[in-house]
2 protein chains.
Amino acid sequence: MHIIITGGAGFLGARLAAKLLAQGTLAGQPISHVTSLDLAPCPIDDERIDSVVGDISDPSVIERAFREDTIAVCHLAAIVSSHAEAEFDEGMQVNFDATRSLLEACRHRGDHIRFLFSSSLAVFGPGMPSPLNEQTAPQPRSSYGTQKAMSELLVNDYSRRGFIDGRICRLPTIVVRPGRPNRAASSFASSIIREPLGGEEAICPIDPEFAIWICSPETIINNLAHALSLDTERMEVCRTINLPGMSIEVREMIESLERVAGNDASARIRYERDPQIEAIVYSWAPLFDNRYALSLGFDVDENFDDIVRAHQHHMASQ
Amino acid sequence: MHIIITGGAGFLGARLAAKLLAQGTLAGQPISHVTSLDLAPCPIDDERIDSVVGDISDPSVIERAFREDTIAVCHLAAIVSSHAEAEFDEGMQVNFDATRSLLEACRHRGDHIRFLFSSSLAVFGPGMPSPLNEQTAPQPRSSYGTQKAMSELLVNDYSRRGFIDGRICRLPTIVVRPGRPNRAASSFASSIIREPLGGEEAICPIDPEFAIWICSPETIINNLAHALSLDTERMEVCRTINLPGMSIEVREMIESLERVAGNDASARIRYERDPQIEAIVYSWAPLFDNRYALSLGFDVDENFDDIVRAHQHHMASQ
């Protein structure tokens, strides 16, 4: 059986492809093939992975990714938050219209395709009762969060109508992402660990006393694979899950870096506050109630020192 | 100055046109003209009202409604709940895509147009903490509610970005609507009062012990006009308001009918439960917290007997 991963060239998409192939089955059926659908080819060298290279906001590109035996779509592709804020129309096309086109493609195949949608804590705005849970209203303060929240509603309605078998994961900020900084407002949260560990300077653009809601790459990949495997009969009618995370102040993250890699590492961080990034990051809730997700068997990180060490290990293995 | 009302041929749209012209000004500026945009002409005979007759899901029809001096759009046009449930694609086009086209038309005029969007309690699903308030997550159990909730998110983002000056009113079920039954799942709530008062039979398709969240036509019109006049500086960042309503069991509504019009009237109601209507109506929350709306100066009904009497009076004046 065949699985499509949009954003398969990206860090999460490529790791999810590898994870699903290693897992070998989905709902008791063998996974023989994964198609990555992204602007670039999937970087993983495995003959069971092929790449459709193109823009997901073009429905004909989407059609090329489907096969007769497609049983699942993992929709991870998106324009990140700062980019969607700067380019409203492009954000709508990629983050919302393309999601709708993908849902339509699944609906018209009529196979009740499993549809995993990666949403974000950015659907929530400030001023809500804490901790947040699945019953808290999304009141996004960014166009990215708006587009994700609109897509969530659509995935839920398509699921309710039986067009697809959807499941929606709202991702915490992922720390430590490998690679280079990107246009996500949250990019600094990985930079302040990753760059100092690599001997480079990093900029912290927000008040270090501010807490953020995070999850490690390993836990996210495990949780996305779990979400795809989950029997949605176990879920409440609404298919939306806030993936578990941990709340940590930026200052505490830097203290972990110091414990793991010494003062030389933390000395590579410069503090230069950026009002545009602050405006977006401060609008995100720093504390969620993990209980619903944990009851469904999702994982959670316990200790930030371990996350820093895991990234060190990842760097050493490259 | 000029105001556009979509759905101006409908019961709410026509009354709102008359109300705004009687009010005479909006934010200190004289209202000289109202354009109704609907599939039929506005039924009100007033030289200050003209009608653009056409389908709002056609952007060129939308363009014809704007004038140089347009300062506000009241977007009331929609396909009702049972209709949107039966015809998914048509519902998406009229309830969501047309809203987006209207927002785009306002954005590209660049005049920070006031945009009043009529949403519905149908954005909420069952199983939420009671009473509901503005911080409760919309988890609609109908495509109509989904399309309204998606449109709300867009109106909020367009407002946040300064493309428009939006305000969103979630309407309770309106009782007593004049006219004939329609395809709204809530249509029975008016029928069981209106038809017996007119000497006709009506069908009650749900369990009479079930409570619904209602508002009279008079109060709704006052509240929509108030929402359009409101200085949005007074609102929280999110522009969404649950309009005030009263919670009443269907049985209590029928007791009011009996008190006002006698046993002959209530004897005209037949009880024939309809599972499709029940499924939609039971998914709606029967109790909201009115405090936020009342703090902004919105009105609320206090007594259902008065609502029955007001409809009797309305019938006598026709």
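**Entry 1. Cavities**

Grid points are joined across faces, edges and corners, and a volume is the space filled by probe spheres set on the points.

The model is predicted, local features need pLDDT of at least 70, side-chain atom pairs count only at pLDDT 80 or more, and totals for chains, interfaces and linings use all residues. Residues are numbered from 1 along each chain as its sequence is written, chains are lettered from A and ligands numbered from 1 in the order in which they are written, and side-chain values use heavy atoms, with hydrogens and water left out.

I looked up the cavities of 30 Å³ or more and found six in the structure. Helices here are DSSP runs of H or I with at least four residues, strands are runs of E with at least two, and both are numbered from the N terminus.

I then sorted the lining of the largest cavity by class and got twelve nonpolar, seven polar and eight charged residues. Nonpolar covers Ala, Val, Leu, Ile, Met, Phe, Trp, Tyr, Cys and Pro; charged covers Asp, Glu, Lys and Arg; the others, Gly among them, are polar.

**Entry 2. The second largest cavity**

About 70 Å³ of space lies in this one. Among the residues that line it I listed A:R15, A:V175, A:V176, A:P178, A:S216, A:I307 and A:H314. Which helix gives the largest share of this lining? Helix 12 of chain A does, with four residues. Helix 7 (217–229) and helix 12 (304–316) of chain A each supply at least two. By class I found six nonpolar, three polar and two charged residues. Domain 1 and domain 2 of chain A each give at least three residues to the lining of the second largest cavity.

**Entry 3. Domains of chain A**

The bounds, from an automatic or database domain assignment, are 2–171 + 217–242 for domain 1 and 187–213 + 246–287 + 301–316 for domain 2. I read 27 Å between the C-alpha centres of the two domains of chain A. Across the two, 14 residues of domain 1 are in contact with nine residues of domain 2; contact means heavy atoms within 4.5 Å.

**Entry 4. Backbone**

I found a cis peptide bond between B:S130 and B:P131, with omega about -5 degrees. B:P131 sits in the loop of chain B between strand 7 (114–120) and helix 5 (143–160). Another cis peptide bond joins B:V175 and B:V176, with omega about 5 degrees. For B:V176 the loop is the one between strand 9 (173–174) and helix 6 (187–197) of chain B.

A:A27 is not a glycine, yet its phi is positive, about 50 degrees. A:A27 is in the loop between strand 2 (25–26) and strand 3 (29–30) of chain A. Its relative accessible area is 48%, so I put A:A27 down as partly exposed. Buried is under 20%, exposed is over 50% and partly exposed lies in between, with a 1.4 Å probe and protein chains only. B:A27 also has a positive phi of about 50 degrees without being a glycine, and B:A27 lies in the loop between strand 2 (25–26) and strand 3 (29–30) of chain B.

**Entry 5. Cysteines**

I counted zero disulfides over all chains, taking a disulfide as a pair of cysteine sulfur atoms within 2.5 Å. B:C74 is buried because its relative accessibility is 0%. B:C204 is buried too, at 0%.

A:S81 belongs to helix 3 (residues 81–86) of chain A. I list A:S81 as buried because its relative accessible area is 3%. Leaving out residues up to four places away in sequence, A:S81 touches A:Y144, A:A184, A:A185 and A:W284.

B:A98 is in helix 4 (residues 88–109) of chain B and is buried at 0%. Beyond four places in sequence, B:A98 is in contact with B:I56, B:S57, B:I62 and B:Q93. I also read 9.3 Å between the C-alpha atoms of B:A98 and B:A77, which are 21 residues apart along the chain.

Methods. 1 Å grid on protein atoms, 1.4 Å probe; cavity = no way out; pocket = protein on both sides within 12 Å on 5 of 7 lines; lining within 4 Å.
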